[in-house]
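Here is a colleague's note on this chain, point by point. Keep the model open as you read.

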Amino acid sequence: MSRSVAAGVKARIARAEAAKLAAAKKSATAAAKEKVLGIDQRTDNMPEEALACRSRMHIWVEVPLTLTALEKMIEAGVVSITSRCANQCGSVWIEVFDPKTWDRIDTKRIYERADYGVPKGTGRLPKRSARRALMTRRFPSLFNK
Ligand SMILES: [Zn+2]
(Lines give C-alpha, C1' and ligand atoms only; values in the text may rest on other atoms or scores of the structure.)
Protein backbone atom coordinates (compact mmCIF):
# COMPACT_ATOMS: atom_id res chain seq x y z
CA MET A 1 0.00 0.00 0.00
CA SER A 2 1.40 3.39 -0.97
CA ARG A 3 1.81 6.12 1.62
CA SER A 4 -1.02 8.27 0.27
CA VAL A 5 -3.40 5.29 0.08
CA ALA A 6 -2.51 4.34 3.66
CA ALA A 7 -3.09 7.92 4.80
CA GLY A 8 -6.47 7.94 3.03
CA VAL A 9 -7.50 4.69 4.69
CA LYS A 10 -6.34 6.02 8.06
CA ALA A 11 -8.35 9.22 7.59
CA ARG A 12 -11.42 7.23 6.56
CA ILE A 13 -11.11 5.04 9.67
CA ALA A 14 -10.72 8.15 11.85
CA ARG A 15 -13.86 9.70 10.32
CA ALA A 16 -15.82 6.49 10.86
CA GLU A 17 -14.65 6.32 14.50
CA ALA A 18 -15.62 9.96 15.05
CA ALA A 19 -19.06 9.37 13.54
CA LYS A 20 -19.54 6.29 15.73
CA LEU A 21 -18.55 8.28 18.83
CA ALA A 22 -20.91 11.14 17.92
CA ALA A 23 -23.78 8.68 17.40
CA ALA A 24 -23.07 7.04 20.76
CA LYS A 25 -23.00 10.45 22.50
CA LYS A 26 -26.26 11.47 20.82
CA SER A 27 -27.91 8.21 21.83
CA ALA A 28 -26.65 8.63 25.41
CA THR A 29 -28.11 12.17 25.50
CA ALA A 30 -31.47 10.91 24.20
CA ALA A 31 -31.46 8.11 26.77
CA ALA A 32 -30.69 10.57 29.57
CA LYS A 33 -33.51 12.89 28.45
CA GLU A 34 -35.92 9.97 28.30
CA LYS A 35 -34.98 9.09 31.87
CA VAL A 36 -35.67 12.64 33.07
CA LEU A 37 -38.73 13.57 31.00
CA GLY A 38 -39.99 10.11 30.26
CA ILE A 39 -40.38 10.93 26.58
CA ASP A 40 -38.51 9.18 23.80
CA GLN A 41 -37.30 12.07 21.63
CA ARG A 42 -37.79 9.99 18.51
CA THR A 43 -41.53 10.53 18.97
CA ASP A 44 -41.22 14.34 18.87
CA ASN A 45 -42.11 14.68 15.19
CA MET A 46 -44.54 11.80 14.98
CA PRO A 47 -48.21 12.62 14.46
CA GLU A 48 -50.77 11.36 16.97
CA GLU A 49 -52.08 8.84 14.42
CA ALA A 50 -48.67 7.20 14.24
CA LEU A 51 -48.29 7.18 18.02
CA ALA A 52 -51.75 5.65 18.43
CA CYS A 53 -51.04 2.88 15.92
CA ARG A 54 -47.57 2.26 17.30
CA SER A 55 -48.90 1.93 20.83
CA ARG A 56 -51.56 -0.63 19.95
CA MET A 57 -52.28 -1.74 16.38
CA HIS A 58 -53.62 -0.55 13.07
CA ILE A 59 -57.29 -0.55 12.13
CA TRP A 60 -57.10 -2.46 8.86
CA VAL A 61 -59.80 -1.86 6.29
CA GLU A 62 -59.69 -3.78 3.02
CA VAL A 63 -59.71 -1.80 -0.19
CA PRO A 64 -62.73 -3.29 -2.01
CA LEU A 65 -62.04 -5.42 -5.05
CA THR A 66 -64.18 -5.27 -8.14
CA LEU A 67 -65.41 -8.51 -9.67
CA THR A 68 -63.43 -7.76 -12.83
CA ALA A 69 -60.23 -7.13 -10.89
CA LEU A 70 -60.64 -10.35 -8.91
CA GLU A 71 -61.34 -12.36 -12.07
CA LYS A 72 -58.19 -11.00 -13.69
CA MET A 73 -56.08 -11.82 -10.65
CA ILE A 74 -57.47 -15.35 -10.40
CA GLU A 75 -56.69 -15.83 -14.08
CA ALA A 76 -53.15 -14.59 -13.45
CA GLY A 77 -52.77 -17.01 -10.53
CA VAL A 78 -52.23 -14.46 -7.75
CA VAL A 79 -54.71 -12.43 -5.78
CA SER A 80 -53.49 -9.30 -4.10
CA ILE A 81 -55.53 -7.73 -1.33
CA THR A 82 -54.67 -4.27 -0.08
CA SER A 83 -55.73 -2.90 3.28
CA ARG A 84 -55.24 0.62 4.60
CA CYS A 85 -55.20 1.79 8.17
CA ALA A 86 -58.42 3.63 9.00
CA ASN A 87 -56.54 5.62 11.62
CA GLN A 88 -54.88 7.67 8.84
CA CYS A 89 -51.37 6.69 9.94
CA GLY A 90 -50.47 5.99 6.32
CA SER A 91 -49.83 2.27 6.69
CA VAL A 92 -50.74 -0.05 3.85
CA TRP A 93 -50.79 -3.83 4.07
CA ILE A 94 -50.56 -5.88 0.92
CA GLU A 95 -51.25 -9.59 1.07
CA VAL A 96 -50.80 -11.91 -1.86
CA PHE A 97 -52.74 -15.18 -2.06
CA ASP A 98 -52.69 -18.27 -4.24
CA PRO A 99 -56.31 -18.42 -5.50
CA LYS A 100 -56.17 -22.22 -5.80
CA THR A 101 -55.52 -22.80 -2.09
CA TRP A 102 -56.04 -19.30 -0.64
CA ASP A 103 -52.73 -19.72 1.17
CA ARG A 104 -51.03 -16.42 1.74
CA ILE A 105 -47.84 -16.47 -0.29
CA ASP A 106 -46.55 -12.99 0.47
CA THR A 107 -47.20 -10.08 2.78
CA LYS A 108 -45.78 -6.60 2.77
CA ARG A 109 -46.22 -3.41 4.77
CA ILE A 110 -45.74 0.02 3.29
CA TYR A 111 -45.52 3.17 5.36
CA GLU A 112 -46.54 6.08 3.18
CA ARG A 113 -45.79 8.80 5.73
CA ALA A 114 -42.17 9.50 6.50
CA ASP A 115 -43.11 10.69 9.99
CA TYR A 116 -44.47 7.25 10.92
CA GLY A 117 -41.05 5.76 11.56
CA VAL A 118 -38.17 6.43 13.90
CA PRO A 119 -34.83 7.53 12.43
CA LYS A 120 -33.02 4.65 10.78
CA GLY A 121 -30.47 2.90 12.95
CA THR A 122 -31.99 4.08 16.25
CA GLY A 123 -33.65 0.79 17.08
CA ARG A 124 -37.25 -0.15 17.66
CA LEU A 125 -39.70 2.16 19.39
CA PRO A 126 -41.24 0.29 22.32
CA LYS A 127 -45.06 0.39 22.52
CA ARG A 128 -44.86 1.93 25.97
CA SER A 129 -42.77 4.83 24.60
CA ALA A 130 -45.34 5.53 21.89
CA ARG A 131 -48.16 5.30 24.46
CA ARG A 132 -46.35 7.62 26.90
CA ALA A 133 -45.69 10.21 24.17
CA LEU A 134 -49.31 10.02 22.98
CA MET A 135 -50.82 10.42 26.45
CA THR A 136 -48.44 13.27 27.31
CA ARG A 137 -49.35 15.06 24.11
CA ARG A 138 -53.11 14.56 24.58
CA PHE A 139 -53.10 15.53 28.25
CA PRO A 140 -50.15 17.89 28.68
CA SER A 141 -51.45 19.48 31.88
CA LEU A 142 -51.50 16.11 33.57
CA PHE A 143 -47.98 15.04 32.62
CA ASN A 144 -45.97 18.26 32.24
CA LYS A 145 -45.75 19.26 35.86
ZN1 LIG B 1 -52.29 2.73 11.59
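1. Start with a loop residue. Trp-102 is exposed, because it has 9 other C-beta atoms within 10 Å. The scale is this: a residue is buried if 20 or more other C-beta atoms lie within 10 Å of its own, exposed if 12 or fewer, and partly exposed in between, with C-beta atoms placed from the backbone. Trp-102 sits in the loop between E3 and E4. Its phi is near 65°, a positive value in a residue other than glycine.

2. A word on the model and the numbering. This is a predicted model: local features need pLDDT of at least 70, side-chain atom pairs count only at pLDDT 80 or more, and totals for chains, interfaces and linings use all residues. Residues are numbered from 1 along each chain as its sequence is written.

3. Next, the overall layout. The chain has five helices and four strands. Helices (H or I, at least four residues) and strands (E, at least two) are DSSP runs, numbered from the N terminus. Along the sequence the pattern reads α-α-β-α-β-β-β-α-α. Of the 145 residues, 11% count as buried. Contacts between residues at least 6 apart in sequence were also sorted: 52% of them join residues at least 24 apart. Two residues are in contact if their C-beta atoms, placed from the backbone, lie within 7 Å.

4. The sheet. Four strands form an open sheet in the order E1-E2-E3-E4, with antiparallel pairing. Its edge strands are E1 (60-62) and E4, each of which pairs on one side only. On average, neighbouring strands are turned by 25° against each other, direction ignored. Two strands pair if DSSP finds at least two bridges between them.

5. Strand E3 (residues 91-97) and E4 pair in the antiparallel sense over seven bridges. Val-96 has Asp-106 of E4 as its bridge partner. Phe-97 is bridged to Arg-104 in E4. Six residues lie between the strands of this hairpin, where Trp-102 takes its positive phi. Strand E4 (residues 104-111) is hardly covered: among its eight residues, the count of buried ones is zero.

6. Another loop, another positive phi. Gln-88 lies in the loop between strand E2 (79-85) and E3. Its phi is positive, about 65°, although Gln-88 is not a glycine. Gln-88 counts as partly exposed, because it has 15 C-beta neighbours inside 10 Å.

7. Which residues make up the largest nonpolar core? They number 10: Met-46, Ala-50, Leu-51, Ala-52, Cys-53, Cys-85, Cys-89, Ala-130, Ala-133 and Leu-134. Helix H2 (48-55) and helix H4 (127-138) are the elements that give two or more residues to this core. H2 gives the most, with four residues. A nonpolar core here is a set of buried Ala, Val, Leu, Ile, Met, Phe, Trp, Tyr and Cys residues joined through C-beta atoms within 7 Å. In soluble globular proteins, nonpolar side chains tend to be buried together.

8. How do H2 and H4 pack? Their angle is about 140°, and their axes are 8 Å apart. Axes are lines fitted to C-alpha atoms, for helices over the stretch in contact, and angles run from 0 to 180 degrees between N-to-C directions. The two helices are therefore oblique to each other. Angles under 35 degrees count as roughly parallel, over 145 as roughly antiparallel, 65 to 115 as roughly perpendicular and the rest as oblique. On the H2 side, the contact involves Glu-48, Leu-51, Ala-52, Arg-54 and Ser-55. On the H4 side are Lys-127, Ala-130, Arg-131, Ala-133, Leu-134 and Arg-137. Leaving out residues up to four places away in sequence, Ala-133 touches Ile-39, Asp-40, Thr-43 and Leu-51.

9. Is helix H3 (residues 67-76) covered or in the open? Of its 10 residues, the number buried is zero, so H3 lies largely in the open. Gly-77 follows H3 and has a positive phi, near 90°.

10. Last, Phe-143. This residue is found in helix H5 (residues 140-143). Phe-143 is partly exposed, because 15 other C-beta atoms lie within 10 Å. Phe-143 touches Met-135 and Thr-136, not counting residues up to four places away in sequence. Phe-143 and Arg-132 are 11 residues apart in sequence and 9.5 Å apart in space, C-alpha to C-alpha.
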